[in-house]
Amino acid sequence: MLIRVVAVLLGWMLALTFTAAQPRVELVAEGLEFPSSLAFLPEGGMLVAERPGRLRVIDSASAVEPPIEGVSAVHAVGQGGLLEVLLARDFVESRWVYLSYSHGTNAANTLRVARGRFDGKALTDLQVVLEARPMRATSVHYGGRMAWAADGTLLVATGDGFDYRERAQRLDNHLGKILRIAADGSVPPDNPFVGRGDALPEIYSYGHRNVQGLVVDKAGTVWAHEHGPRGGDELNRIVAGGNFGWPLVTHGVDYSGALVSPFTTLPDMIDPLHVWTPSIAPAGLMRYGGSVFAEWRGDFFVAALAGKQLQRLRMDGSGAVRVEAVMFDAPGERLRDVREGPDGGIYLLTDSAEGRVLRVVGE
């Protein structure tokens, strides 16, 4: 284990030249099976979701506790499983924990969001607050990322189901969308398509392929990144009612090499702020606001699966986004998530059957 941690540290030192505090990488925990998401507990420690369907506490001493009881059964096939864990904004009082996960069978499955009250050992009072429509027969492209909007509503990203990509442009379904619901699952009356007979009222934005990063920054702006096909991964600023183009607009090509579309931009469709070609398969997304690395405040951090790296992106005064640094490149591990911790450190989840939680901190 010591050799592996030293290798991680050397990789960072080789990949970057810092003018801020020199970072060091610590191993927080290991022995996790495909960890997919983490949430920091106000009393210390964190909740970590494992894609096969387990939710665990990692305590403040970095001990990995046994699986929490009461978690919903998940459809852990393909890219499916337990996808995201998110604490309620009033978690200290309500103890609500929100989970997104794939549900169903190979022939009929979909994305669900449920919430349960966490007593430290188990989830109780489990309630399904969202079930994406319709069911589909593919076990890929679920999306599943969640974030609290500034007004307390819940944003939920969905995927296009891969074989159903044309439906991302239609408003009569939840495929390839970002949805917005109240904390109890009801529909906010100011959603952009409420009252339209041809649209599902939960839809907030559409024309997405497979959103894998979703964050609301301190100013209340919503940001998301999504997987392209072969190339054409995107970072977008999300706006209510926005059409983000997929599959009519893309910078990528199909896996066969065939064109998905000849267009990279079209009227009335929102262009991405940044495109990755070739694809890095962006996973988690974070906008840093801590004090440990003060020079990075406001920068985006993107974990990458296929790219096996952490990227730091910066937005200039004109709104253009560029990659400032490719980080964590040497160890060659798929990265599933990136989060800012309450200590200002940067936390990473590695995507493997022997997954780990890592923490990047200053000296």
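Which residue forms a salt bridge with Asp 125? The partner is Arg 117, and the closest N and O atoms are 3.5 Å apart. I noted that I am working with a predicted model here.

**Entry 1: the Asp 125 pair**

I checked how much solvent each partner sees. Asp 125 has 41% relative accessibility, so I put it down as partly exposed. Arg 117 comes to 32%, and therefore it also goes down as partly exposed.

**Entry 2: the whole chain**

I stepped back for an overview. I get two helices and 23 strands for the chain. The radius of gyration is 19 Å, close to the 21 Å from the globule rule for 363 residues, so the chain is as compact as a globular protein of that length. The C-alpha trace spans about 55 × 45 × 40 Å along its principal axes.

I have 56% of the 363 residues down as buried. Of the contacts with a separation of 6 or more, 56% are between residues 24 or more positions apart. The accessible surface comes to about 14200 Å², and carbon and sulfur atoms make up 53% of it.

The chain has 35 positive and 42 negative charges, and their mean positions are 1 Å apart.

**Entry 3: more salt bridges**

I went on to the rest of the salt bridges, and the count comes to 24. One of them is between the side chains of Arg 145 and Glu 84, at 3.1 Å from N to O. This pair links distant parts of the chain: Arg 145 is in strand β9 (residues 143-148) and Glu 84 in strand β5 (residues 82-87), 61 residues apart. I have both Arg 145 and Glu 84 down as buried.

Next I looked up Asp 299, which meets Arg 312 in a salt bridge at 2.8 Å, N to O. Asp 299 sits in the loop between β17 (282-287) and β18 (300-304), while Arg 312 belongs to strand β19 (residues 309-315), so the pair ties together parts 13 residues apart in sequence. Asp 299 and Arg 312 are both buried. I also found a network: Glu 33, Glu 50, Arg 54 and Arg 56 are joined by salt bridges that share partners.

**Entry 4: Phe 244**

Is Phe 244 buried or exposed? I find it buried, because its relative accessible area is 2% and the cut-off for buried is under 20%. Phe 244 is in the loop between β15 (233-238) and β16 (274-276).

I listed what Phe 244 touches, leaving out residues up to four places away in sequence. Among them are Ser 205, Tyr 206, Gly 207 and His 208, and the list also includes Glu 234, Asn 236, Arg 237 and Ile 270. I also checked Asp 271, which is 27 residues from Phe 244 along the chain, with 6.8 Å between the C-alpha atoms.

**Entry 5: Asp 163**

My last stop was Asp 163, in the loop between β10 (154-158) and β11 (177-181). Its relative accessibility is 53%, so I have Asp 163 down as exposed, given that the cut-off for exposed is over 50%.

Note on methods: Residues numbered from 1 in each chain as written. Predicted model: local features only at pLDDT ≥ 70, side-chain atom pairs only at ≥ 80, totals over all residues. Heavy atoms only, no water. Helix = DSSP H or I, 4+ residues; strand = E, 2+ residues; numbered from the N terminus. Rg over C-alpha atoms; globule rule 2.2 N^0.38 Å. Buried < 20%, exposed > 50% of the residue type's maximum accessible area, 1.4 Å probe, protein only. Contact = heavy atoms within 4.5 Å. Areas by Shrake-Rupley, 256 points an atom, 1.4 Å probe, with all protein chains shown as cover. Lys, Arg positive; Asp, Glu negative; His and termini not counted. Charge placed at Lys NZ, Arg CZ, Asp CG, Glu CD. Salt bridge = Lys/Arg side-chain N within 4 Å of Asp/Glu carboxyl O.
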